[in-house]
Amino acid sequence: MFEVCVEETFAAGHALRGYKGKCENVHGHNYRIQLAVEGPELNDIGLLVDFGDVKRAVREVVGRLDHQFINDLQPFDTINPSAENLARYFYDEVRARLDERFRIRHARIYETDTAWATYRPAT
Ligand SMILES: [Zn+2]
């Protein structure tokens, strides 16, 4: 099995509703999104997927969030902009932009270098 991974970064603000602690206050993160594609076979030039295609899809989603207050944006005006929900959002949005023959292994959001959340669908 092969796995191809791209990462992008963005800066954004958020506040966690219903959280009892300092994260309920408006604050920001330098987020990192990691998107991994997996598959058992390579194409005829030895690629699982073109890095550029995955980066383009991820950057489109990043472009919507970068330097924004995430709580103002759908769907985060109704669901909490937690790292977990952001990971699922990236998974779903990149899924919609990437050729369906590519299988996304996971989307992982880093809020800091040492704290991250991963989403992948249950199998
Ligand atoms: Zn936070």
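Predicted model: local features only at pLDDT ≥ 70, side-chain atom pairs only at ≥ 80, totals over all residues.
User: Why is His67 called exposed?

Analyst: A residue counts as exposed if 12 or fewer other C-beta atoms lie within 10 Å of its own; His67 has 10 C-beta neighbours inside 10 Å, and therefore counts as exposed.

User: What makes the peptide bond from Gln74 to Pro75 cis?

Analyst: The omega of the bond from Gln74 to Pro75 is near 0°, and the bond is accordingly described as cis. In general, most peptide bonds are trans.

User: How do you know that the span of helix α1 agrees with its number of residues?

Analyst: Helix α1 covers residues 51-65, and at 1.5 Å a residue its 15 residues should span 21 Å; the C-alpha atoms at its ends are 21 Å apart, so the two values agree.

User: Which residues of α1 are buried, and what puts them on the same side of the helix?

Analyst: Val54, Ala57, Val58, Val61 and Leu65 are the buried residues in α1. They cover an arc of only 90° around the axis, and therefore lie on the same side of α1. An α-helix has 3.6 residues a turn, so residues three or four places apart point the same way. On the other side of α1, Gly52 and Gly63 are exposed, while the cover over the buried residues includes β1 (2-14), β2 (27-39) and α2 (83-97).

User: What does Val58 touch, and where does Val58 stand in the largest nonpolar core?

Analyst: Leaving aside residues up to four places away in sequence, Val58 touches Val6, Glu8, Ile33, Leu35 and Val94. The largest nonpolar core has 24 residues, and Val58 is listed with Leu35, Phe90, Val94 and Ala107 as having the most contacts inside it. The elements that give two or more residues to this core are β1, β2, α1, α2 and β3 (103-112), and the largest share, seven residues, comes from α2.

User: How do you know that β3 and β4 pair?

Analyst: Pairing requires at least two bridges between two strands, and five bridges join β3 to β4 (residues 115-119), the two running antiparallel. Ile109 stands opposite Ala117 in β4, and β3 and β4 form a hairpin with two residues between them.

How values were computed. Residues numbered from 1 in each chain as written. Helix = DSSP H or I, 4+ residues; strand = E, 2+ residues; numbered from the N terminus. Expected span 1.5 Å × (residues − 1). Buried ≥ 20, exposed ≤ 12 C-beta atoms within 10 Å, placed from the backbone. Arc of directions from axis to C-beta. Contact = placed C-beta atoms within 7 Å. Core = buried A, V, L, I, M, F, W, Y, C linked by C-beta atoms within 7 Å.
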